[in-house]
Structure formats: structure tokens, C-alpha cells
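These are my notebook entries on a structure that I looked through step by step. I began with the chain as a whole and ended with individual backbone angles.

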Number of protein chains: 2
Amino acid sequence: MRYSKLFIPTMREIPSGINAISHILMLKAGYVRQLAAGLFIFLPLGWRVLNKINTILKEEMEKIGAQEISMPILHPAEIWQQTGRWYTIKEEMFRLKDRTGRDMCLGMTHEEIMAWIASKEIKSYRQLPQVWYQIQTKLRDEARPRGGVLRTREFIMKDSYSFDIDWEGLDKNYKLHAEAYHRIFTRCGLKYFQVESDPGIMGDMESHEFMAPTPAGEDDIVLCDHCGYAANIEIARSQLPTLSPLNMEYKEAHTPQKKSVKEVAEFLGLDERYFIKTLLVISEKNGPVLVMLRGDQELNEKKLARVIGEFSFATPEQALEILGVELGFVGPVGHKIKKIADFSIEKGIAYVSGANKKDYHLKGIIPGEHFDAQWTDIRKVKDKDKCPKCGSSLRIEKAIEVGNIFKLGTKYTEPLNAYFLDKDGKEKPIIMGSYGIGPARVAAAAIEQNHDNDGIIWPKSIAPFDIEIIPLNMADDKTVSIAEELYEKVTEIYNSFADRHMEVLIDDRDERPGVKFKDADLIGIPIQVIIGEKALKENKVEIKKRRTKETKKVPVNKAVVEIVNTYYETY
Amino acid sequence: MRYSKLFIPTMREIPSGINAISHILMLKAGYVRQLAAGLFIFLPLGWRVLNKINTILKEEMEKIGAQEISMPILHPAEIWQQTGRWYTIKEEMFRLKDRTGRDMCLGMTHEEIMAWIASKEIKSYRQLPQVWYQIQTKLRDEARPRGGVLRTREFIMKDSYSFDIDWEGLDKNYKLHAEAYHRIFTRCGLKYFQVESDPGIMGDMESHEFMAPTPAGEDDIVLCDHCGYAANIEIARSQLPTLSPLNMEYKEAHTPQKKSVKEVAEFLGLDERYFIKTLLVISEKNGPVLVMLRGDQELNEKKLARVIGEFSFATPEQALEILGVELGFVGPVGHKIKKIADFSIEKGIAYVSGANKKDYHLKGIIPGEHFDAQWTDIRKVKDKDKCPKCGSSLRIEKAIEVGNIFKLGTKYTEPLNAYFLDKDGKEKPIIMGSYGIGPARVAAAAIEQNHDNDGIIWPKSIAPFDIEIIPLNMADDKTVSIAEELYEKVTEIYNSFADRHMEVLIDDRDERPGVKFKDADLIGIPIQVIIGEKALKENKVEIKKRRTKETKKVPVNKAVVEIVNTYYETY
């Protein structure tokens with residue numbers, strides 16, 4: 001392909017407020033443009049990268065026997081009403097009416113429609129298992145689109161769905177997908193982790209995310225380098241070292257105007273770990289709930305929500321009305337309402353907490369003796385906590401979610417009546433799984449992980465082109481003729497491959513060498529072949545690896561072989 | 001690919017009310033399913049066909065230098081408001097509001113968004129020409145979705161857009177597209193015509209449609225087999241033989257209760273051609289308008305709308321109020337309102353028309369003498385009319401519109417401020433064209449043109465597979481081992497081609513031969529290779545061409561060569 005025939009509108013100045021490196025570089029290098037908040041246009045280079053990723057997705061899906069199909073974007077409301085998600089999903093769903101006034105929505109995902117078609121077409125165990133996938137547009141009205149193509153309102157997704165007669169079948173398809181995802185992200189050149197995750201709106205069974213670590217990530221993942229434990233912080237667990245008991249008399253202490261654990265701990269000269277943080281929340285399902293954590297721990301709101309459903313923190317007025325005490329002096333002893341305690345609070349150890357009386361705290365509270373509660377895991381894992389599996393030190397990294405896999409069981413098939421007749425003639429619900437990858441996020445994560453001050457450094461497998469030939473002076477006949485000859489010969493090699501690798505771009509623009517160098521580094525093609533008059537005098541051209549910036553001069557008559565060799569040694 | 005691993009839910013009974021053959025066969029053969037009115041799911045076989053067509057589209061677009069990009073489906077209203085189409089397009093546009101209350105619409109087409117991005121990114125003549133295309137989903141809230149995938153509310157479209165510095169550039173890109181479209185439809189195995197067309201909502205300049213003739217078509221096209229004149233009936237013209245003048249005195253004739261041309265002609269014993277049909281219409285822009293056609297001609301409403309804008313026919317009450325006469329006795333003489341006459345009405349010849357008086361007609365009306373009007377072409381071309389170019393006889397065929405090309409000029413670029421600086425430093429609007437192909441319609445048209453009572457007969461280029469191997473008895477070891485060996489060998493050949501032709505399906509299901517034969521003919525793979533015990537006794541297998549049903553027995557050890565030869569001689 002010729003640079004002069006390709007629309008690559010590079011930018012020098014990026015509008016303010018754009019922070020993610022992948023966003024900045026995709027704009028600068030002319031890969032994408034924004035149409036409106038969370039709506040992106042993929043220009044030729046950007047679209048080439050997505051196509052490369054999509055090809056890898058297709059190949060790996062085919063390998064596990066998944067069949068490509070295509071579903072509409074526009075869905076009738078009734079199908080989403082049958083599973084209830086029409087009601088439980090709020091503003092994130094784009095809704096509209098058609099000309100007859102019928103309620104419709106734009107597909108955020110396709111569990112409903114896939115289960116619906118399965119309910120129509122699958123009657124017998126003989127038709128199972130099935131795995132169907134599509135690479136198709138999803139729409140979600142995100143509250144805060146951000147990070148360029150990282151979180152958008154419209155995006156392409158590879159989504160696959162498995163249908164099995166039993167849980168063993170689901171386990172198998174889940175595993176096949178996990179393995180395919182490992183191959184996909186490895187082929188795309190990403191560093192990534194498979195982590196345990198919260199299934200969120202998908203269901204409440206096993207699920208994993210594939211996370212590409214980078215400071216631009218929106219998610220925090222918890223990692224154990226020793227045993228490999230890995231989980232999204234939303235569900236990550238940890239061990240805490242056991243506390244040595246303190247000798248503490250059960251009695252009130254006057255703590256005027258000291259409310260936070262930190263203040264009271266300092267005032268009383270006690271370690272924060274010997275405190276119980278008592279929070280009052282109002283749950284939609286359960287009403288007021290007292291929530292207890294060890295003084296040095298923080299609440300993980302997602303974990304709590306999984307225990308008591310959606311909730312909000314009580315206002316000072318609500319606390320006074322419900323408990324008769326000011327926030328800051330609330331403690332676990334005496335109240336009759338539902339209580340939830342984090343595992344960090346150990347039975348048999350004496351703690352300090354609010355005395356349920358203004359300006360007083362109560363010392364010597366022994367959990368299990370002075371109050372009871374539902375013990376569970378609701379705390380946020382912190383850096384250097386101990387691994388729940390092996391006890392080694394945990395670390396936390398920021399990461400981009402590039403894929404996810406969910407066991408759905410019968411969550412969608414039962415309400416949509418997707419039943420089949422088993423071998424024994426019994427009607428059973430189909431067991432389902434769903435599996436997603438966002439190719440634009442893969443591209444953005446690859447840039448976040450592979451760039452330098454000059455621009456993008458594409459992993460070879462997903463680069464828009466593999467080799468860029470750069471004739472420095474278009475007015476010099478020899479430069480141009482050698483560049484064109486190399487372009488032709490390498491293109492010939494490219495055309496001879498069934499899987500089309502070694503695709504060549506030639507920068508045939510009548511621009512200064514400085515501009516060509518700058519643009520080449522910016523757009524990030526892995527291998528540059530520089531044709532300059534100076535080297536040509538020695539009958540040489542220069543081959544440069546974008547990643548390492550290593551260059552070597554090679555004789556013109558060996559250039560093709562050297563380009564091929566460099567291609568194979570580049571990753 | 002193995003039939004047993006492929007989801008092909010064939011159907012025996014088709015719901016009533018489904019008439020188009022392509023719709024029936026796509027359902028029967030398990031290619032598509034309907035999710036809701038005008039919303040279709042493409043199952044594995046259907047999606048394979050679309051992918052084949054899309055690959056051809058991409059190859060031909062690349063050949064003319066078009067660059068693939070991708071635009072969002074969701075558009076902000078403002079951009080459509082700038083060109084006015086937000087207001088002129090009615091219920092066909094899906095509209096919605098996002099969570100912030102902002103007006104949005106779903107893309108019916110992308111002239112607006114393409115011109116918008118051009119306005120942002122193209123500054124200089126040096127960046128032109130550009131041709132951008134995408135293969136992407138469009139949404140249109142059709143009043144009457146019909147014919148399966150022929151007219152749907154959501155569909156994939158290949159849409160390309162050209163941007164030029166002048167009209168010569170547009171002419172060139174228009175011609176390049178027309179040529180590419182000829183190659184595309186030829187490669188897809190379609191019979192088709194390129195016809196002159198009405199640009200409709202796109203603009204008011206030159207445009208052409210590519211029409212695949214079939215009785216299932218929604219459009220009528222007018223064809224001259226002699227000179228090649230071809231036009232959509234909406235804009236087709238014709239010549240009429242000149243009338244010989246009749247000697248007719250200018251005077252009223254009493255025609256009690258005779259209102260239609262037919263009735264009055266019979267009553268007066270005169271040929272219908274000597275009548276003027278006078279219609280009263282109410283135009284939104286022009287108010288009441290008298291419209292005149294020769295007695296034997298019919299009004300083409302689209303043509304009239306292009307002259308006077310949107311209009312409706314006057315009710316009897318409106319006629320009485322405006323003209324003071326009952327419909328049926330309205331004539332062209334005497335009224336002061338705007339008059340439009342079709343070219344079929346010749347000046348200098350005497351005609352009969354209404355006398356503007358109940359139960360009377362006026363004879364001897366000479367156009368140009370007794371009334372004047374704006375003469376134009378507003379009649380519908382009829383079968384056997386004379387060609388406007390060469391005078392030969394015209395014929396009319398039903399056809400499916402599979403593609404269209406439009407010259408847009410500055411219709412979108414001016415309102416969206418897409419200007420560039422020309423060589424001479426002057427600011428000029430970009431000259432634009434747009435070009436569409438609907439791949440699902442190509443597939444449906446191919447079926448309409450290629451089927452028999454047993455099912456689909458795919459043109460080789462767009463078949464979901466090229467060759468189907470059919471072992472008749474899966475319990476017979478020899479049958480299975482020879483089938484598998486052929487499957488393996490032909491697949492090897494397939495994998496060796498860079499352009500992936502000769503793709504093989506093997507019907508490895510444990511089904512009776514009758515079922516396999518029936519399904520094979522239904523799904524329509526061009527070549528069947530039948531492995532039966534009887535032929536195997538002579539060490540032979542049978543190769544059958546789906547189109548002609550010709551079969552030949554070939555020795556097992558020559559089967560691969562014979563399959564390859566048959567593949568190359570099949571179209």
C-alpha cells in the first residue's frame with residue numbers, strides 16, 4: 001500500500017483533557033476520531049488493526065468449534081422482559097420505540113437473543129453442544145465514556161455462547177474458551193492475567209476476566225506472584241495475620257468529639273487494628289444494616305452488595321432516627337437490626353467501637369460475646385495483604401479488561417424456555433455460558449503496553465502493516481527506483497502467503513526526511529526500511545526495528561532476505 | 001467442515017404468508033431466522049454466504065483504491081439537522097435520546113457522518129481525492145418489511161463515499177464504482193442491469209441502480225434490448241407515435257354520467273388517445289395544480305412529485321370548492337391555476353376533455369391554443385412503448401435493487417462545511433458521491449435467480465461451501481473411510497489456496513440417504529460427491545452437479561482430480 005493513497009491524518013496537538021496514552025497516540029497517529037462522546041470512527045489504519053485482531057479471534061474460535069453467526073443490534077423489548085434485565089438494567093440500556101410504538105432496545109450483549117433462538121431451534125440432546133459466536137456491534141449508554149476506545153458507548157465485541165446438556169459440558173466449553181483466550185491474547189502480543197471476577201449483570205456463577213496490566217487500566221487486580229492467585233479487587237480475598245489479644249476492660253471511655261477510628265485510636269493510644277469500624281447502611285431489600293470491619297480495613301462495596309443487595313450509606317439524620325445516636329459513636333452492641341461483620345473481626349478478641357452515646361466509645365467489646373453478626377468477607381484487599389491460597393504477599397495492579405468468560409447455567413435458558421429432550425426423554429433446561437472479547441480494547445491495551453515517547457510500537461501480529469519502506473528523497477531517481485523495487489518484491493512475498501503476513505507500506509509522499517521519520521515512529525510499523533542517498537553510495541539500505549531502534553545497514557542486493565529475516569526475529 | 005458440527009436447522013413447514021422464494025428457501029435450508037418484523041438472524045450457512053459476498057466487495061473496493069474505515073451506528077442529531085434530513089426523513093429514521101436527553105438517531109446511511117469527518121480532516125486539495133468505504137449495519141424503520149432479507153429494518157451495507165476537488169474527479173470515481181459494481185455482480189453470479197434511477201432522499205443528480213431481474217422484485221425496470229437503454233420505471237422515458245389529427249369541431253358534448261376516459265370514449269365512439277385526462281392534485285408547495293395526460297396514459301406519481309413536490313389527489317369536495325365542478329367533468333380550459341401537461345399531449349391536435357360542467361365534455365380542445373401549461377414528462381412508461389433513444393420496443397421487468405450509485409455534488413459538503421483550499425488558494429466545497437451495495441439482497445437475488453423445486457443452486461463464488469461429500473451409509477466402514485480420505489485430500493487443496501476456494505463440507509450425520517440427498521439439494525452446494533456402497537463395488541464414487549443434476553461415476557483413485565475438474569467447469 002502507498003502512504004500517499006492512504007488517509008492517515010496525523011495530529012500534532014491533542015485537545016486537553018485526553019489522558020490515556022492509547023487515546024493520545026490513536027488520535028495523533030490518525031487511527032481514530034471521535035464523533036461524539038463515546039462514539040468513535042476507525043480510520044484506515046485503526047480499522048486494519050481491528051481486522052488483524054478479528055482474524056485472530058475468528059481463527060481461535062474456529063479451532064474450538066465455535067460457529068460464526070450474526071444477530072441484529074435492534075431487539076424487541078419482550079425478550080429482555082422475559083429475563084427481567086429490561087427492568088434491572090437502568091440507563092445503560094439504549095431504549096427506543098419503533099414506528100408502531102413497540103418498545104425496542106439496542107443490544108448491550110446477546111444472552112437473551114441467543115437463548116431465544118436456542119429455545120426455537122434446539123429440541124433434542126442430539127443437537128447439543130453448540131457454540132455460536134459473532135463479531136458485532138454492541139451499544140451501552142455508559143455514564144462516563146473514557147480513555148478513547150477503552151470505554152465507549154458503541155463498540156465491536158466478539159461474543160460467543162455455549163449451549164450444553166449438563167454442567168460437565170459447560171465446564172468443558174468454559175475451559176476451551178479460557179484456553180482459546182490465552183492463545184488469542186498471547187498472539188496479540190499482550191501481557192495479561194486471567195483473574196477471578198464478579199459476573200455483575202451476567203449472573204452469579206463462576207466467571208473470569210482477562211486483564212492487561214497498565215497504569216491506564218480502570219480495574220484493580222490482586223496478584224500473588226508465588227502461587228498465581230489472581231482476582232479482580234471486586235471479589236479478591238486475602239488473609240490477615242492473627243491479632244494478639246490485648247487485655248482490655250469492658251467499659252466506656254470518654255472520647256469528646258473523636259469520631260474516626262484514626263482520631264480515637266490516637267486519643268486512646270491504641271493500634272487501629274483493635275478497633276471495630278461500625279457503619280450504618282440502608283439496603284433496598286433488608287432495610288437498615290450495621291456493617292462491621294476491623295479498624296484498619298476498608299469496605300469493599302461490591303462485596304457487601306452481593307450480600308445485602310443494593311445499598312446506600314445512612315445520612316447523619318437517618319442514623320439518629322434509626323439508632324438514636326450520632327454517626328461516629330455507633331457501635332455493634334445493643335442494636336436489634338441486621339448485622340454483618342467482616343472476617344477481619346476475630347471472635348474472642350477485645351476491640352473498641354462506638355458506645356452508641358455521643359462522645360463515648362466502648363472498650364473491651366468481644367465479638368461473639370457482646371454482639372453477634374453474620375460473618376463474611378466484605379473488606380477490600382490491600383497491597384501486601386497475604387494471599388488467601390498460599391499466604392505470600394499480594395500486590396495490586398491497574399489493568400484493562402480485554403475479555404471475560406461467564407458460566408450462566410440456566411439463568412437465561414429457563415426464563416426463555418430453552419429446554420431440550422434428554423436421552424431419557426426428560427425435558428431439561430440448556431446449560432449456557434457466555435464469553436466476550438473487545439477487539440478495540442485489545443488494540444488500546446497493546447498501545448498502553450507498547451509505546452515510547454515517539455509513538456506506538458505495534459506487536460507484529462496486529463500491526464496495520466508489517467514493514468514500512470521509507471525513500472527519503474523522492475526527487476532522487478535511484479532512491480525511488482530501489483524503494484519501488486523492494487516494495488514490489490516484498491509485496492510479492494506477501495501475496496504468496498495464504499495467511500497474508502509481511503504486508504508492506506511505502507512512504508511515497510513528497511515530504512522531508514524528518515517528517516517521514518517522525519510519522520513512521522508515530523504510526524509504529526514494526527520494521528522500517530530506510531532508503532537514503534548516503535547509504536546508497538555504499539550500495540546499502542538501512543533496516544530499523546521500531547521497538548529497539550536498532551538499525552543495520554545491508555547491501556541492496558541482500559535487502560529482501562534481510563527484511564524477511566528481520567521480520568521473523570521481530571515480535 | 002463437518003455437517004454434524006454445523007448448526008443447519010432445516011425446516012419442512014414454512015409459516016403461511018411467506019411468498020418470496022428466497023425467503024422460503026433461506027428459512028427451509030436453515031440460513032436465516034426472523035427475530036422480529038424486519039430483523040433477521042444469520043445462521044452459520046447464511047453468514048458464510050454473506051462473508052463470501054463481503055470478501056468480493058472488499059477485493060473490488062481495494063482495486064479502485066477505496067479505503068476501509070468504520071463509522072458508528074449511533075449518530076448525534078445535530079449533524080443530520082445541519083443537512084436538513086433530520087426533518088425531511090420521517091418515520092423511517094429510528095430516533096432515540098441518550099441518558100443525558102440528547103437527540104440521537106440510528107444511521108440509515110452515512111453521507112452526513114462522512115461529510116462531517118471530511119470537514120474536520122480535509123483542508124487541502126493535496127489530500128484529495130479520497131474514497132472511503134465500510135461494510136456496516138444500517139437501520140431503517142421500514143413501513144413494510146418484506147421478502148425475508150430483501151427489505152428489512154436492519155441490514156448490512158457496503159457503502160462508499162468519494163471526495164473530489166471537482167466534477168471531473170467525481171465523474172471518474174462514479175465510473176470506477178460503476179465498473180467495480182459490474183465486476184462484483186458478475187463475480188457473484190447475478191444477472192443484472194445498470195439502470196438510470198431516481199436518487200430519492202440522496203439528492204437530485206445523476207444516479208444509477210443495479211437491478212437483478214426476478215419476479216420477486218419490488219421495482220419495475222424499463223429495458224430496451226436494442227440499444228441497451230435501461231431505467232427504473234420511476235424515471236424511465238419513452239416515445240409515443242405521433243397522432244394523426246382528427247377533424248373535430250370545438251363544442252360541448254352532452255355526456256350524462258360518463259366520467260372516466262373509457263366511458264366517454266365509448267360513448268362518443270372516439271379512440272382514448274384523443275382524450276385529455278385532467279387530474280386535480282394539491283401540492284404542498286404549489287397548492288392546487290391541474291395535471292393533464294393523454295387519455296391512454298397513466299400518471300407516474302414520482303415524476304410529478306419531482307416537478308411539483310409532495311402532493312395528494314383532490315377529493316370530490318376539494319374539486320367542487322376549487323374548480324366549481326364535479327370530478328369526471330374537469331377539463332383544462334378556463335382555469336387560472338397552475339397547469340402541468342405531459343409530453344404525450346401534442347400541440348395543434350384536437351382532443352376531448354371535461355367541459356368543467358356537470359354531464360358535459362368539450363370536444364376540439366387544441367393544446368397551446370385553448371389552454372397553456374408547463375409541458376413535461378409525467379407519464380408512466382408502458383410495455384411496448386418506444387425506446388426514448390432508439391425507438392425500438394421497450395419491455396418492463398420486475399427486479400431487485402442490489403446496488404446504487406449517486407452523484408451528490410455539494411449537497412452534503414456545503415451544509416456540513418466540508419471545504420478545501422484549492423491550488424489557487426481558493427476555498428471550495430468538496431464534490432461528493434456515494435455508492436451502496438446490500439450483500440443480503442445480493443444473496444437473496446442469487447437465490448431468486450438460481451433455484452429449482454428442490455432448493456437453492458448457489459453460484460460457485462458465493463456458495464457457503466463448494467463441495468459436499470455425502471457418505472450414504474455411516475455404518476459401512478469402506479464408505480466412511482473413502483469419504484474421509486476424500487474430505488482430507490480436498491481440504492488439503494483448499495488450505496493450499498491463498499484465496500481459499502474449494503471449501504468442503506462432509507455430511508457425516510448418521511441419517512438415511514434420502515434425508516442426506518434432500519438436505520444437500522436444499523442447501524445448494526454446487527458439487528456433490530456421493531459415496532454409496534453400490535458404486536463402491538465397482539470402486540467408483542459419483543460426482544453430481546447441483547445445477548444440472550448431471551452425475552458421473554468416477555474411479556475412487558481418480559476422484560480428487562475429477563472433483564477439481566468438476567469444480568473448475570461449474571459456475
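The model itself is predicted.

**Chain A overall.** I counted 14 helices and 31 strands in chain A. Along the principal axes, the C-alpha atoms of chain A fill a box of roughly 95 × 65 × 50 Å. Chain A has 571 residues, of which 48% count as buried. I also looked at contacts in chain A between residues at least 6 apart in sequence, and 70% of these join residues at least 24 apart.

**Relation of the two chains.** I laid chain B on chain A by a turn of 180° and a shift of 0.0 Å along the axis, which gave an RMSD of 0.1 Å. This is the relation of a two-fold axis. For the contact I recorded 41 residues from chain B and 42 residues from chain A. On the side of chain B that touches chain A, the elements that each supply at least two residues include α2 (44–63), α5 (111–121) and β7 (130–139) of chain B. The largest share of that side, four residues, comes from β2(B). By class, the side of chain B that touches chain A holds 25 nonpolar, five polar and 11 charged residues. Of the interface residues of chain B, 100% are also interface residues in chain A, so the copies meet through the same surface.

**Nonpolar core.** I found 272 residues in the largest nonpolar core, and A:Val529, B:Ala443 and B:Val529 have the most contacts inside it. Helix α2 (residues 44–63) of chain A gives this core its largest share, eight residues. I then listed what A:Val529 touches, leaving aside residues up to four places away in sequence: A:Ile467, A:Ile469, A:Ile470, A:Leu486, A:Val541, A:Ile543 and A:Ile563.

Strand β1 (residues 32–36) of chain A is largely enclosed by the rest of the structure, because four of its five residues are buried. β1(A) runs antiparallel to strand β2 (residues 39–42) of chain A, and four bridges join them. Looking up A:Arg33, I found that its bridge partner in β2(A) is A:Ile41. Two residues lie between β1(A) and β2(A) in this hairpin, and A:Gly38 in the turn has a positive phi of about 75°.

**Backbone exceptions.** Most residues other than glycine have a negative phi, and most peptide bonds are trans. I therefore searched for departures from this rule. The peptide bond from A:Leu128 to A:Pro129 is cis, with omega near 0°, and A:Pro129 lies in the loop between α5 (111–121) and β7 (130–139) of chain A. In chain B, a cis peptide bond joins B:Leu128 and B:Pro129, with omega about -5°; B:Pro129 is in the loop between α5 and β7 of chain B.

A:Lys549, which is not a glycine, has a positive phi near 60°. I located A:Lys549 in the loop between β30 (540–545) and β31 (551–555) of chain A, where it is exposed, with 12 other C-beta atoms within 10 Å. B:Asn539 likewise has a positive phi, about 65°, and is found in the loop between α13 (533–537) and β30 (540–545) of chain B. With 12 C-beta neighbours inside 10 Å, B:Asn539 counts as exposed.

Technical notes:
Residues are numbered from 1 along each chain as its sequence is written. Chains are lettered from A and ligands numbered from 1 in the order in which they are written. This is a predicted model: local features need pLDDT of at least 70, side-chain atom pairs count only at pLDDT 80 or more; totals for chains, interfaces and linings use all residues. A residue is buried if 20 or more other C-beta atoms lie within 10 Å of its own, exposed if 12 or fewer, and partly exposed in between; C-beta atoms are placed from the backbone. Two residues are in contact if their C-beta atoms, placed from the backbone, lie within 7 Å. Copies are superposed by least squares on the C-alpha atoms of residues with pLDDT of at least 70 in both. A nonpolar core is a set of buried Ala, Val, Leu, Ile, Met, Phe, Trp, Tyr and Cys residues joined through C-beta atoms within 7 Å. Ala, Val, Leu, Ile, Met, Phe, Trp, Tyr, Cys and Pro count as nonpolar, Asp, Glu, Lys and Arg as charged, and the others, Gly among them, as polar. Two strands pair if DSSP finds at least two bridges between them.
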